[in-house]
Amino acid sequence: MDFSSKLLENAVNEVSQLPGIGKRTALRLVLHLLKQPASQTAHLSQALLQMRNEINYCQHCHNISDTSICEICASPKRNERLICVVEDVRDVMAIENTGQFKGVYHVLGGKISPLEGIGPHNLHINTLVEKVSQGKADELIFALSSTMEGDTTNFYIFKQIEPYGITTSTIARGIAVGDELEYADEVTLGRSIVNRIPFENSLKNNY
Ligand SMILES: [Zn+2]
């Protein structure tokens with residue numbers, strides 16, 4: 001792509017670093033911003049910078065939060081002994097939208113994926129095992145997407161916490177295998193979490 005301006009080229013190169021955005025789309029977005037008042041670009045830049053510099057992660061569940069303890073963990077209405085294990089903030093938002101879950105979350109920050117070089121120690125697994133070993137949980141609900149990486153991660157955690165004998169369950173498979181949680185409709189996702197099944201039963205089906 002030949003640019004008539006180095007400034008334009010720099011902006012397009014930066015925007016095209018985002019996932020799913022090619023050079024053509026980046027150019028379209030940048031040209032759109034140029035047509036808008038300068039204040040819009042200022043607001044966009046400011047919002048991104050502020051998010052990057054000031055964002056916090058909840059000390060209990062590792063979810064993205066503006067405070068050191070997130071609203072869900074801080075709420076007296078939530079059962080902190082019922083912990084739903086999810087990959088990231090998108091899954092928390094998806095399950096919260098169903099209005100069906102009254103426990104708390106534990107956000108792993110990803111899934112075990114040897115191909116991408118993500119091992120158990122790159123994720124918030126230790127703090128989850130700690131909660132269980134300290135007797136702070138009655139039940140873990142595994143709510144990772146039903147992909148090979150999700151199943152591997154579930155199984156790894158299950159083996160770590162098995163000695164403590166707490167209840168483990170996995171969300172019912174109303175969700176199509178291979179689908180990401182965030183794309184499931186609210187009814188399917190809500191039903192899946194109400195009708196969760198013991199994790200051992202899911203092993204019988206899959207292995
Ligand atoms: Zn939290």
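**Exercise 1.** How many bridges join strand E3 to strand E5, and do the two strands run parallel or antiparallel?

*Solution.* Before starting, note that this is a predicted model, in which local features need pLDDT of at least 70 and side-chain atom pairs count only at pLDDT 80 or more, while totals for chains, interfaces and linings use all residues. Residues are numbered from 1 along each chain as its sequence is written. Helices (H or I, at least four residues) and strands (E, at least two) are DSSP runs, numbered from the N terminus, and two strands pair if DSSP finds at least two bridges between them. With these terms in hand, find E3 at residues 79-86 and E5 at residues 139-142; four bridges join them, and they run parallel. One place to look is Val-85, which stands opposite Phe-142 in E5.

**Exercise 2.** Follow the pairing onward from E5 and work out the order of the strands in the sheet.

*Solution.* Step one: E5 is joined by four bridges to E6 (residues 167-170), and these strands run parallel, with Phe-142 standing opposite Thr-170 in E6. Between E5 and E6 the chain passes through helix H7 (residues 148-161), making a right-handed β-α-β crossover; right-handed here means that, with the strands pointing away from the viewer, the path from the first strand over the helix to the second runs clockwise.

Step two: E6 and E7 are joined by two bridges and run antiparallel, and Thr-170 has Ile-197 as its bridge partner in E7.

Step four: putting the pairs together gives an open sheet of five strands in the order E4-E3-E5-E6-E7, with mixed pairing. Because E4 (103-107) and E7 (197-198) stand at the edges with a single partner strand each, one side of each has no neighbour in the sheet.

**Exercise 3.** Describe how helix H1 and helix H2 are placed relative to each other.

*Solution.* The axes, which are lines fitted to C-alpha atoms over the stretch in contact, with angles from 0 to 180 degrees between N-to-C directions, come within 8 Å for H1 (residues 6-15) and H2 (residues 23-35) and cross at roughly 120°. Angles under 35 degrees count as roughly parallel, over 145 as roughly antiparallel, 65 to 115 as roughly perpendicular and the rest as oblique, so H1 and H2 are oblique to each other.
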